[in-house]
Amino acid sequence: MPTTAPSSANFATSSGSAKIYFKNAVTSADKSRASIELWLSTGADGVVSFQAYSLKYLSTLGAINAAGIIDETGWGLTKNLTSGGIELGAYKPESKTPLTGEAKVATLTFSLSELSKTDGFWVGFDRTQGAIELGYQGKQPVQYNELAAPLNLLSSGSALDLTLYHWKNHAIIADSVVTIDSTVPSKTAAKSFLATGLSDGSHNIQVNATSADRETAISLKDALAALKLAIGVDSINSSSTGASNPASPYQRAAADFNGDGKVDLKDALEILKYSIGVTTANTPRWQFYDESEVIAKGAKPAADFSQAGKTVSINADRNMNLVAVLTGDVDGS
Ligand SMILES: [Ca+2]
Ligand SMILES: [Ca+2]
């Protein structure tokens, strides 16, 4: 199960900044093995050496073994494993160029004992045990000896992978501002939002889109569609074919322009005003609904994740799809 990597430190270098951090912590399902990667973000200067004398793995029982430290950088990696501590040193061979960008320094792999599973197992930098040092070509090395709290690999929590898509054309929406318990999740290659290391229990998810395209999406057709819904005609003409189709729950949500929970003539009138450029009390707003919400016939979805967000219970890794609705854009054009 992946976790967050809270243990990291920033270095000020002569021409920028560098960072050392953990990522990609994985604990096997039976909690018998754990691994974590140590990464370096080099900043503007090329790094030629790396030394850490303060890397610790901590167990109340001392029943942990380091199964291996694997150098994947192409550099020589020296290592010294002591009881509960790991010293790492990496040096650039003459044939190699300085490290720039993001570089994986090492993968640390641990076998875990039965007892450590209940008592916990930690890996991190012990700030009392010495510095981390980054060496730069022709420049003074920089040191850092304060790091965030160690990472408990056995309390790694759950991951939430959140995908947002438009209700009509199913286009993925990736420019939204997503927060989970006030933390911004990372964006994946698939344009979803991934939060990891979530503890069991309730979490607040907020989604607020910043997407443009509001003016052009809202036209007279939307005002007419809202008008039909307001007078009880539960069908809407397709923006592309003109065919009359039953209104979808998301169209009802889009038609409630003033957000008072019902679709009436006030909404139709405001959408009409907006479409012709008259100032309105309400403006188009993106709303997001859980795809799995059960919606009664003729109703609209109720749980909007925009603004204050919604509370979701998370007890295992899960994917969640949220359907995006732009208020006022009733036909989804
Ligand atoms: Ca309304
Ligand atoms: Ca429209």
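**Close-ups of the predicted model**

**View 1. Helix 3 meets helix 5.** On the helix 3 side, the residues that make contact are Leu220, Asp222, Ala223, Ala226, Leu227 and Ala230; on the helix 5 side they are Leu265, Asp267, Ala268, Ile271, Leu272 and Ser275. Two residues are in contact if their C-beta atoms, placed from the backbone, lie within 7 Å. Helices (DSSP runs of H or I, at least four residues) and strands (E, at least two) are numbered from the N terminus. This is a predicted model, with local features needing pLDDT of at least 70 and side-chain atom pairs counting only at pLDDT 80 or more, while totals for chains, interfaces and linings use all residues. Residues are numbered from 1 along each chain as its sequence is written, with chains lettered from A and ligands numbered from 1 in the order in which they are written. The two axes (lines fitted to C-alpha atoms over the stretch in contact, angles from 0 to 180 degrees between N-to-C directions) come within 8 Å and cross at roughly 175 degrees. Helix 3 and helix 5 are therefore roughly antiparallel to each other, a label for angles over 145 degrees.

**View 2. The buried side of helix 3 (residues 220–230).** Its buried residues are Asp222, Ala223, Ala225, Ala226, Leu227 and Leu229. Buried takes 20 or more other C-beta atoms within 10 Å of a residue's own, with C-beta atoms placed from the backbone. These buried residues pack against strand 18 (235–237), helix 4 (249–255) and helix 5 (265–275). After helix 3 comes glycine 232, with a positive phi near 95 degrees.

**View 3. Inside the largest nonpolar core.** A nonpolar core is a set of buried Ala, Val, Leu, Ile, Met, Phe, Trp, Tyr and Cys residues joined through C-beta atoms within 7 Å. This one has 42 residues, and the ones that touch the most other members are Ala226, Phe288, Leu322 and Val325. Zoom in on valine 325: leaving out residues up to four places away in sequence, it touches Trp167, Tyr250, Ala253, Ala254, Gln287 and Tyr289. There's also a second, separate core of 23 residues, with Ala18, Ala52, Leu108 and Tyr136 among them.

View 4. Strands count as paired if DSSP finds at least two bridges between them. Strand 15 runs antiparallel to strand 16 (residues 193–198), with two bridges between them. Look for serine 186 opposite leucine 194 of strand 16.

View 5. Strand 17 (residues 201–208) is joined to strand 21 by five bridges, and histidine 203 has valine 312 as its bridge partner in strand 21.

**View 6. Stretches to treat with caution.** pLDDT is the predictor's confidence in each residue, from 0 to 100. The protein's mean is 79, with 73% of residues at 70 or more. Residues 1–6 stay under 50, with 25 contacts beyond four places in sequence in the model. Residues 59–72 also stay under 50, with 41 such contacts. Where pLDDT is low, the predicted coordinates should not be read in detail.

Methods:
A residue is buried if 20 or more other C-beta atoms lie within 10 Å of its own, exposed if 12 or fewer, and partly exposed in between; C-beta atoms are placed from the backbone. Angles under 35 degrees count as roughly parallel, over 145 as roughly antiparallel, 65 to 115 as roughly perpendicular and the rest as oblique.
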